[in-house]
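Hello,

Here is the structure I promised to pass on to you.

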Amino acid sequence: MILNVTTGTGFKGILSYVEKQEKKELRPEQKPEILQEQNIYGSAQEKAQQMRFVADNNSFSSRPVLHVSVSLQENEKLNNQKRDEVLNDIIKELGATPENNQYQIVKHNDTDLEHYHIVINKVGFDGSNINTSYIQNKCHVIADKLEQKHELERVNGRKIVYDPSNEKGYRYTSQEERKANEQKKRASKVRDKSQTVEDKKNHIKSNLSLALEDKSITTPEALSK
């Protein structure tokens with residue numbers, strides 16, 4: 001699972017983007033799905049106004065928009081229950097709660113790769129502000145933690161990973177670890193490719209055997225009848 005995160009100043013722009021309001025040419029099956037809206041409602045503009053009203057309660061939050069894109073590994077699919085558990089865990093790990101924060105979760109359907117967008121108001125109803133210092137590193141740790149918790153496919157090569165035995169809850173990986181993980185990843189791809197080739201060979205052999213066994217089609221005697 002890959003988490004990419006940015007912070008910003010404008011709610012309307014990011015909400016319009018994740019809802020793809022400018023993409024009028026999308027087919028029905030390609031249109032985004034709003035999976036969850038917490039403490040906001042209406043159009044993108046109306047939701048942006050509601051979030052801005054709350055954000056203005058904290059004058060120290062110059063960039064109140066928190067946008068997280070969530071991408072799964074290739075060919076990895078989650079059922080709806082597991083998907084919701086993972087996405088809500090991401091929000092919780094980032095420091096937002098349904099009681100105190102406004103946020104939206106949207107699924108994009110215009111690519112083959114399953115991915116989601118989460119837009120969070122960093123400023124809560126109580127005026128608190130989610131700390132986004134070193135937020136990209138934090139997202140690496142969150143992703144690694146939730147991969148283990150939900151038994152998702154692990155992403156290799158991270159420089160920082162979840163480690164509950166460490167006082168800080170994370171640790172930095174060594175160059176040797178990253179190199180070993182990358183070698184495992186390449187070896188896995190080679191095995192998958194070899195398996196695909198072998199499957200094709202077996203499929204051809206199987207169909208050829210069936211064709212040869214069908215004498216009503218393949219023998220001159222059958223054709224002369």
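First, a term for what follows: a residue is buried when its relative accessible area is under 20%, exposed when over 50%, and partly exposed in between (1.4 Å probe, protein chains only). Please note that this is a predicted model, in which local features need pLDDT of at least 70 and side-chain atom pairs count only at pLDDT 80 or more, while totals for chains, interfaces and linings use all residues. Residues are numbered from 1 along each chain as its sequence is written, and side-chain values use heavy atoms, with hydrogens and water left out.

**Overall picture**

The protein has 7 helices and 7 strands, taken as DSSP runs numbered from the N terminus (helices are H or I with at least four residues, strands are E with at least two). Starting at the N terminus, their order is β-α-β-α-β-α-β-β-α-β-β-α-α-α. Of its 225 residues, 37% count as buried. The accessible surface is about 14,200 Å², with 49% of it belonging to carbon and sulfur atoms; these areas come from the Shrake-Rupley method with a 1.4 Å probe, and for residues only the protein chains shown count as cover. If contact means heavy atoms within 4.5 Å, then among contacts between residues at least 6 apart in sequence, 69% join residues at least 24 apart.

**Helix 2**

In helix 2, the buried residues are Ala44, Lys47, Ala48, Gln50, Met51, Val54 and Ala55. Viewed down the helix axis they fall within an arc of 160°, so they line one face of helix 2; the arc is that of the directions from the axis to the C-beta atoms. These buried residues pack against helix 1 (11-18), strand 2 (33-38), strand 4 (103-108) and strand 5. The length of helix 2 (residues 44-55) agrees with expectation too: its 12 residues should span 16 Å at 1.5 Å a residue, and its end C-alpha atoms are 16 Å apart. The expected span here is 1.5 Å times one less than the number of residues.

**Nonpolar cores**

A nonpolar core is a set of buried Ala, Val, Leu, Ile, Met, Phe, Trp, Tyr and Cys residues joined through side-chain atoms within 4.5 Å. The largest one has 26 residues, and Met1, Leu3, Val70, Ile90, Leu94, Ile118 and Ile120 have the most contacts inside it. Two or more residues of this core come from each of strand 1 (2-8), strand 3 (65-71), helix 3 (80-94), strand 4, strand 5 and helix 4. A second, separate core has 14 residues, including Leu15, Ile40, Ala44 and Met51.

**Helix 4 and Lys145**

Helix 4 has Ile135, Cys139, Val141, Ile142, Ala143, Asp144, Leu146 and Glu147 as its buried residues. They pack against strand 1, helix 3, strand 6 (160-162) and strand 7 (170-172). Lys145 also sits in helix 4, but is partly exposed, at 25% relative accessible area. Leaving out residues up to four places away in sequence, Lys145 touches Glu93 and Tyr162. Just after the helix, Glu151 takes a positive phi of about 55°.

**Thr132**

Which loop holds Thr132? Thr132 lies in the one between strand 5 (115-121) and helix 4 (135-149). Thr132 counts as buried because its relative accessibility is 18%. Its side chain makes a polar contact of 3.1 Å with that of Lys122. Such a contact is a pair of N or O atoms within 3.5 Å; within protein, one must be able to donate a hydrogen and the other to accept it, and residues adjacent in sequence count only if both atoms are side-chain atoms.

Happy exploring!
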